[in-house]
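Here is a short tour of a model for you to explore alongside the sequence and the coordinates. Have a look at the fold, then read on.

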Amino acid sequence: MKSSIKAKVTLVGAGPGDKDLITLKGLKAIQNADVILFDALVSEELLSEIDASIIKIYVGKRCGKHSFSQEEINTLIVENAFKHGHVVRLKGGDPFVFGRASEEILYTESFGIPVTVIPGVSSAIAAPSSQGIPMTKRGLSSSFWVMTATKRDGTFSEDLKFAAQSSTTMVILMGVRKLNEIIKEVSKYRSALTAFAVIQNGTLQNETFVIGTLANAASVTSNINKAEPGIIVIGDVVSEHPSFFEEEVQRMLYSSL
Ligand SMILES: C[S@@+](CC[C@H](N)C(=O)[O-])C[C@H]1O[C@@H](n2cnc3c(N)ncnc32)[C@H](O)[C@@H]1O
């Protein structure tokens with residue numbers, strides 16, 4: 001390592017997708033980086049606006065592309081910090097929401113490299129919110145619960161069952177592939193008329209949105225591309241979406257023909 005190089009790492013939350021939803025502090029950090037290691041869910045538009053002299057390395061884990069293991073990412077962070085100085089680890093949403101930030105921090109700090117975290121706007125809130133779905137609403141829901149449906153071994157998390165038994169707004173990340181099973185599980189505890197929505201690529205140009213009730217979920221979601229990242233929101237607050245009643249009325253009309 002050259003003596004003038006000061007290794008340091010900043011974990012930055014890039015926000016949910018729309019390039020303008022990064023924080024000012026996050027933007028300043030990436031503009032002052034020597035190297036940016038970025039995830040699959042980070043906006044290409046945001047990266048294209050960053051000075052071309054800053055080294056940008058893709059370290060995503062999306063299926064279909066080369067997948068970097070967590071160990072490889074940890075090593076790249078440390079190697080690049082020693083070689084180039086300031087590494088920004090740019091992560092989708094907020095680094096601490098299903099982001100494995102703690103592992104990256106622990107590994108980096110074990111080499112004596114200082115780490116700073118700049119929070120980001122999590123897709124868990126931004127995707128529903130930008131669609132006009134409130135996470136809480138007086139009289140409808142007094143809490144929201146952000147969860148992943150399945151555990152490491154692929155079985156349902158107990159949290160999903162507990163949340164389904166309460167009246168909380170359920171916000172499920174990394175669950176689109178298991179959508180049918182999730183709906184089936186939640187339907188054991190909640191009314192068939194409970195509203196749900198699936199938002200994929202939220203806040204991006206290619207955002208898609210479907211809305212329905214647990215009862216008609218199978219037909220509503222039949223055309224979803226399950227390979228795209230998405231958020232499932234289940235709860236009475238979803239019926240606050242402007243198109244909920246209109247779509248329900250249309251479906252009732254068609255089903256009675
Ligand atoms: C590994 S988690 C990372 C979450 C991220 N740290 C955050 O705070 O948004 C990835 C999951 O977040 C959700 N996700 C992230 N960005 C999204 C977006 N723009 N639209 C919908 N879902 C998104 C999807 O459920 C995806 O599978």
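The centres of domain 1 and domain 2, taken over C-alpha atoms, are 29 Å apart. Domain 1 covers 8–118 and domain 2 covers 123–255, with bounds that come from an automatic or database domain assignment. This is a predicted model, where local features need pLDDT of at least 70, side-chain atom pairs count only at pLDDT 80 or more, and totals for chains, interfaces and linings use all residues. Residues are numbered from 1 along each chain as its sequence is written, and side-chain values use heavy atoms, with hydrogens and water left out.

Where does the ligand lie? Both domain 1 and domain 2 give residues to the shell around the ligand, so it lies between them. There are 17 residues around the ligand, and Pro-16, Val-97, Ser-122, Ser-123 and Gly-230 come nearest; a residue belongs here if one of its heavy atoms lies within 4 Å of the ligand.

| Ligand atom | Protein atom | Distance |
|---|---|---|
| nitrogen | polar backbone atom of Pro-16 | 2.7 Å |
| oxygen | side-chain N or O atom of Ser-123 | 2.6 Å |
| nitrogen | backbone N or O atom of Gly-202 | 2.8 Å |

Taken alone, the ligand exposes 570 Å², and the protein buries 88% of that (accessible areas by the Shrake-Rupley method with a 1.4 Å probe).

Now for the meeting of the domains. Ten residues of domain 1 are in contact with 14 residues of domain 2, contact meaning heavy atoms within 4.5 Å. The two domains bury about 830 Å² between them, 71% of it on carbon and sulfur atoms; this is the accessible area (1.4 Å probe) lost on being put together, summed over both parts.

Technical notes
Polar contact = N/O pair within 3.5 Å; in protein donor to acceptor, adjacent residues only side chain to side chain.
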